[in-house]
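This report describes a structural model, taking up a loop residue, the domains, the chain interface, the sheets and the helices in turn.

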Amino acid sequence: MIYPEFESLKVERRGPVGWLINNRPERLNAMSAGMRDEFALAWTELDRDPDVGVIVHTGEGRAFQTGVDVTEIASDGVGMERYRRSLEDFDLHFTSWHQQVWKPVITAVNGVCAGGGFHWIADADIVIAASDAEFFDPHVSIGQVVAIEAIGLLRKMPVEAVMRMAFVGRHERLSAHRAYELGMISQVVDPPEQLREEAQALGEKIARNSPAAMRATKRALWGALELGLTDACRAGAGELVSMWGHPDQEEGPRAFAEKREPQWRALTEP
Amino acid sequence: MARSATQRVTYQTLDVERRGRVGWLVFDRPEVGNAMDATMFTELEDAWRELDRDPEVRVIVNTGNGPAFQTGLDVAQLSKDKEALREQSRRTRDATLRLTAWHNEVWKPVIAAVNGTCAGGGLHFVADADVVIASSNAVFVDPHVSLGQVSAYETIGLIRKSPMEPIVRMALAGVHEHIDASRARQLGILSQVVDPPERLRDEAQLLAEKIARNSPAAMRVTKQALWGALDVGLTDACRAGARAVASLWGHPDQEEGPRAFAHKREPEWQPLEPLDVDDEGARA
């Protein structure tokens, strides 16, 4: 598949792994209005590409992502108001969760992740980081409320750590090592230069599994964050049963018995 | 019950003080492990309200005098005060307790600084704090089931906030096991262990002063959004959170913050507007 041209992102495929790379390194990958629109398109394109099994999201330069581009906000007279409608309607399209991407998504944090950058930690399935990555949330230090990305995080990791970041603001940073201890991320890559190789290797591992089974699994697990335990299990059982009779469920055991890689069915439309 | 913000109350079971912009709420019944008697029940409500309403106070630290942080109900005292015991039982049954900052709808940031044993009902104050730190000799234990009592309220709060297995283990092991400060940090129940233990209050004050440098208005809306998120599903929580974010747009702190940052000076935040709540500030 040939992807459209992007200004503030790089979108490419390496084997079964689709790469979405924040590409405004001179602005620490802060999200301009243009980049926000490009995210919506990039996720959709990677999700559509039948050759992409897993998506890795990372950044160019010394930052992963630093949230809304404050310079743009401050300089053109429109300010945050441009986003009021979409926020009040919760009509957002810049993460894979917003765009309902059901392929596995790995966020590979290559450096500073600040403020709105946490959206892509909260909304990824798997998060790994370079050993020199640092996390902090300056919202309240500049008079802004932090909610959506912190809400996503506190469903996924110990809450106290999220609240501490939210209230300490820019006066403290969380290390990649502590993020690993807390289960916010599952792998620290050292030396940091190895991050993309490790992300590719992890993406390739995951891409060896049944795309259809992973899609139903991802739906069940994210859906569980919407409900109480019993309701979530009930809905999860529905996803589980939906795969029964799928050809991958014959192919998986057969390939295992024959000690070969399984030939999975390509994803059909949901 | 209406008191002006500046009026200082005298407490028998608590120390309530200010150090700069930090309000301190200190359990002060060290001879009984700071256990809560009928007087402390009333005084906790008054103290949270006093600190919440004081415009000079930006952040609240909650700790205890003596070797314990908080050890729950003072059963011995309450057995002599049937009326108080009945009232507390009723509030427990109706989930209308007024012990903690969360119960009392305090929307300023609250740091629990656990200075020693935190047992049983004392866990309420850990579950309901925004930030938790502890001295290296602090321990967490839940004796309820060893006394034939059910553990639910405070442990439910904790399982929302940390890995569940250690909390259930603590609830079921009763007096026969405890979690120490360093394990609690590994688990993310708390974020900082202070050693030597004598440094706890200094570290709590420092942390509170850091937090006090941030916009009070932004922190209040943030706190409401994050705690509210624990009550609903993810999408509904994000939806409410998104509205919370936009609700503060246009607030003067949002001009002041970036301006102060650009000029490399401390921001001058607006004082908090009073919240439009009834005098009892009830969590109905």
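Which residues does A:R170 touch, not counting residues up to four places away in sequence? The partners are A:F136, A:P138 and A:S141, where contact means that the C-beta atoms of two residues, placed from the backbone, lie within 7 Å.

## Basis of the model

This is a predicted model, in which local features need pLDDT of at least 70 and side-chain atom pairs count only at pLDDT 80 or more, while totals for chains, interfaces and linings use all residues. Residues are numbered from 1 along each chain as its sequence is written, and chains are lettered from A and ligands numbered from 1 in the order in which they are written.

A:R170 belongs to the loop of chain A that runs between α6 (159–168) and β9 (174–175). Helices (H or I, at least four residues) and strands (E, at least two) are DSSP runs numbered from the N terminus. With 19 other C-beta atoms within 10 Å, A:R170 is partly exposed; a residue is buried if 20 or more other C-beta atoms lie within 10 Å of its own, exposed if 12 or fewer, and partly exposed in between, with C-beta atoms placed from the backbone. A:V140 is 30 residues away from A:R170 along the chain, and their C-alpha atoms are separated by 8.2 Å.

## Domains

Domain bounds come from an automatic or database domain assignment. Chain A is divided into domain 1 (9–206) and domain 2 (211–257), and the centres of these domains, taken over C-alpha atoms, are separated by 26 Å. Five residues from domain 1 of chain A and six residues from domain 2 of chain A form the contact. The domain 1 side has two nonpolar, one polar and two charged residues. For these classes, Ala, Val, Leu, Ile, Met, Phe, Trp, Tyr, Cys and Pro count as nonpolar, Asp, Glu, Lys and Arg as charged, and the others, Gly among them, as polar.

In chain B the assignment gives domain 1 (14–211) and domain 2 (216–262). Their C-alpha centres lie 26 Å apart. Here the contact takes six residues from domain 1 of chain B and seven residues from domain 2 of chain B; on the domain 1 side, three are nonpolar, none is polar and three are charged.

## The interface between the chains

At the interface, 46 residues of chain B are in contact with 41 residues of chain A. On the chain B side, the elements that give two or more residues are β7 (131–135), α5 (153–161), α8 (200–211), α9 (216–229), α10 (234–247) and α11 (253–262). The largest share of this side, eleven residues, comes from α10(B). By class, the chain B side has 24 nonpolar, 13 polar and nine charged residues.

## Helices

Two of the helices named above, α9(B) and α10(B), pack with their axes 9 Å apart and at an angle of about 175 degrees. Axes are lines fitted to C-alpha atoms, for helices over the stretch in contact, and angles run from 0 to 180 degrees between N-to-C directions. α9(B) and α10(B) are therefore roughly antiparallel to each other, the term for angles over 145 degrees. From α9(B), the contact is made by B:V221, B:Q224, B:A225, B:G228 and B:A229, and from α10(B) by B:A237, B:A240, B:G241, B:A244 and B:S247. These residues divide into six nonpolar, four polar and no charged.

In chain A, helix α11 (residues 248–257) lies largely in the open, because the number buried among its ten residues is zero. Just after α11(A), A:K259 takes a positive phi of about 50 degrees.

## Sheets

Chain B has an open sheet of six strands in the order β1-β2-β3-β5-β7-β10, with mixed pairing; two strands pair if DSSP finds at least two bridges between them. β1 (14–19) and β10 (192–194) of chain B stand at the edges with a single partner strand each, so one side of each is left without a neighbour in the sheet. The twist averages 20 degrees from one strand to the next. Strands β3 (residues 59–64) and β5 (residues 110–114) of chain B run parallel and are joined by three bridges, and B:I60 stands opposite B:V110 in β5(B).

In chain A, all six of the six residues of strand β3 (residues 54–59) are buried. A:V54, A:V56 and A:T58 point one way from β3(A), and A:I55, A:H57 and A:G59 point the other way. Strand β2 (residues 17–22) of chain A pairs with β3(A) in the parallel sense over six bridges, and A:W19 has A:V56 as its bridge partner in β3(A).

Note on methods:
Parallel < 35°, antiparallel > 145°, perpendicular 65-115°, else oblique.
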